[in-house]
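Subject: Helical model, handover and findings

Hello,

Here is the structure I promised you.

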Amino acid sequence: MFKRHPILKYVLLRIFNYLFTIWAAATVAFFAFRMVPTNPVDAWVKSLERQYSVTVPKGSEMVAYYKEQFGLNGTVWDQYTHYLNQLLHGSLGPSFINFPTPVEELLMRRLPWTVGLLSFSILIAWVLGLLMGTIAGWFRDSVASDWLTNLAIALSQIPPYLVAIFLVLIIGYQLKLLPTRGSFDGQYAIGFNWDFIKSVISHSILPALSIIVVSLAGWTLSTRSLIINILGEDYLMYAEAKGLKPWEIMTRYALRNAMLPQAMGLALTMGFLMSGQLLIEILFVYPGIGELMSRAIAVFDYNSMMGIILLSVFSVMTASLIVELALPLIDPRIRREIIA
C-alpha cells in the first residue's frame, strides 16, 4: 500500500514521530522529576517546620490529602499511570504555587504575555535581519558590509539578558525613559482601552529590545550567508542580461530565494515561543511562562514544571511537523525524492 502511496507514508511517518516524541518527552520529564529526592508537599512541610518550629495538628492527614491531589501516592508506576490518564483527559493537575488552580488554567493566563512579547520581537528581528543580511551579502566587498557583519558577529555572542541589563541601566535608570518592571501599570483596568494598551506597550519595549538585538544579529548572518551562496547563479546572470536593475535583481531574485529557508527557520523559532525567555522575564518581572517556571522550580512544583516542558515540546514539535508537511508542497525537489 505504502509503495503505491509514498506521500501517505511520508505523512503518517511524520505524524507517528510527532506523537512518539511528545509521549517520550512526557515520560522522561515525569521520571526525571521523580528522581529528585523530595516532592513539593514534603518540601513545603519541612519549610514550615524550619520556619515556625511547630507541628501542625493532624499534619499527616493534611500531607496525605495533598499528596493524593498531586498524584504522589502509590508506587512510581501508579503515579505514572495516573499522570498519563490525566494527560489523556486534558488535565495537567493542580498547581502547587497557585493551589487549587489547574496548571492548564495557569498556563493560559501566562501564555498571552509570553507569546505577545516573543512573537512581536522575533518577527521584527526576522524582517530586519532579512533586509540587513541581504544588503550585507549583496554588497559583500564594501566597507559597510564588513562593519555590519562584524557587528552582527559580536552581538550574536552576547546573551539576551546581558543586553537587557545594559538597557535597564541606561534607558531605565539613567535616562528614565521606560519602565523596567512588570507588564502594565496597576492603576489601569485590564481591557481594550488606550491607557492599558499604552502601558502594556511601554512595559514591553525594553524586554522586546533585549531579544530583538541578539536575534537580529543571527538572522542577519544567516541571510548574508544564503545570499553569498547564490551569487553567480545562472538565473541571476540571466536577470542581469535582461537589463534588470541591480536593486530589482537583489529583491526579486536573490532575496526571494533566501526567504524559503529563512521562513522555515522562522516557523521553527516560533515553536520555541511557549518556553518563554526565562532570564528576561525574571529580570523584568514579566508575567510570562519563563517567570512561572522560575517560581515553580523554587518550590519543586512538579505539575507546573512538567506542564511548561510539555507545552514547549508540543509547540516545537507542532511547528516542526507543519514545516515537514509543508516542504513537499513548497519544494518540488523534496517531493521528487519522496516519490522516487
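Which residues does M305 touch, not counting residues up to four places away in sequence? M305 touches F33, M293, A296, I297 and F300. Contact here means heavy atoms within 4.5 Å.

First, the ground rules. This is a predicted model, where local features need pLDDT of at least 70 and side-chain atom pairs count only at pLDDT 80 or more, while totals for chains, interfaces and linings use all residues. Residues are numbered from 1 along each chain as its sequence is written, and side-chain values use heavy atoms, with hydrogens and water left out.

Overall make-up

The protein chain has 14 helices and zero strands. Both are DSSP runs numbered from the N terminus: helices are H or I, at least four residues, and strands are E, at least two. The chain has 340 residues, and 39% of them count as buried. Buried means under 20% relative accessible area, exposed means over 50%, and partly exposed is in between (1.4 Å probe, protein chains only). Take contacts between residues at least 6 apart in sequence: 73% join residues at least 24 apart. The chain exposes about 19,400 Å², with carbon and sulfur atoms supplying 67% of that area. Accessible areas come from the Shrake-Rupley method with a 1.4 Å probe; for residues, only the protein chains shown count as cover.

Cores

A nonpolar core is a set of buried Ala, Val, Leu, Ile, Met, Phe, Trp, Tyr and Cys residues joined through side-chain atoms within 4.5 Å. The largest one has 21 residues. F33, Y83, L107, I289, M305, M306 and I308 touch the most other members. Helix 1 (6-34), helix 4 (76-88), helix 5 (103-138), helix 12 (289-298) and helix 13 (302-330) each supply at least two residues. Helix 13 gives the largest share, six residues. Another core, of 17 residues, lies apart from it; W113, L117, V168 and L206 are among its members.

Aromatic pairs

Rings of Phe, Tyr and Trp (its six-membered ring) pair if their centres lie within 6.5 Å; planes under 30 degrees apart count as stacked, over 60 as edge-to-face and the rest as tilted. The count comes to eight aromatic pairs. F30 and Y83 are stacked, at 5.2 Å centre to centre and 20° between the planes. This pair links distant parts of the chain: F30 is in helix 1, Y83 is in helix 4, and they are 53 residues apart. F30 is buried at 0% relative accessibility, and Y83 is buried at 7%.

W77 and Y80 have ring centres 5.6 Å apart and planes at 40°, so this pair is tilted. Both lie in helix 4, three residues apart, about one turn of the helix. W77 is exposed at 56%, whereas Y80 is buried at 5%. Ring pairs link F30, F31, W77, Y80 and Y83 into a cluster.

Helix 7

Helix 7 (residues 160-174) has 15 residues. From first C-alpha to last, helix 7 reaches 20 Å, close to the 21 Å expected at 1.5 Å a residue. That expected span is 1.5 Å times one less than the number of residues. A kink of about 30° is centred on V168. The bend at a residue is the angle between axes fitted to the seven residues ending there and the seven starting there. Buried in helix 7 are V163, A164, L167, V168, I171 and G172. Their cover includes helix 8 (194-230) and helix 11 (278-283).

Best wishes
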